[in-house]
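New notebook page, new chain to look through. I want to jot down what I look up as I go.

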Amino acid sequence: MIKFLLWCILLVLCWPLALLALVLYPIGWLLLLPFRILGIAVGGVFALLAAIITLPARLLGGGPRAVGAR
């Protein structure tokens, strides 16, 4: 909502710049989309590595959950 209000203010102050921003925003979003997908994939790989590394400790019952269970 705040982005829309800022765009409305820009439209009143400088309408050519506001229309240019309106046209370029979807193009920028499409250009940045592969980086977002790459970020999701890298986050998934890190989560998998963390799960693999902590698997032996979780199988043996270690960790903060074991202290609270008693």
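I started with the kink: α2 bends by about 40 degrees at isoleucine 53, shortly before proline 56. The bend at a residue is the angle between axes fitted to the seven residues ending there and the seven starting there. This is a predicted model, where local features need pLDDT of at least 70 and side-chain atom pairs count only at pLDDT 80 or more, while totals for chains, interfaces and linings use all residues. Residues are numbered from 1 along each chain as its sequence is written, and side-chain values use heavy atoms, with hydrogens and water left out.

Next I looked at α2 as a whole. Helix α2 covers residues 15-59, 45 residues in total, and spans 62 Å from first C-alpha to last, close to the 66 Å expected at 1.5 Å a residue (the expected span is 1.5 Å times one less than the number of residues). After α2 I found glycine 61, with a positive phi near 90 degrees.

Then I checked the whole chain: three helices and zero strands (DSSP runs, H or I of at least four residues for helices and E of at least two for strands, numbered from the N terminus). Buried residues are 1% of the 70 in the chain (buried means under 20% relative accessible area, exposed over 50%, partly exposed in between, with a 1.4 Å probe and protein chains only).

Buried or exposed, what is leucine 6? I noted that leucine 6 is exposed, at 53% relative accessible area, and that it lies in helix α1. Its C-alpha is separated by 9.8 Å from that of alanine 18, twelve residues apart along the chain.

Last, I listed contacts (heavy atoms within 4.5 Å): Lys3, Trp7, Leu10, Leu11 and Leu13 in α1 meet Trp15, Leu17, Ala18, Leu22 and Tyr25 in α2.
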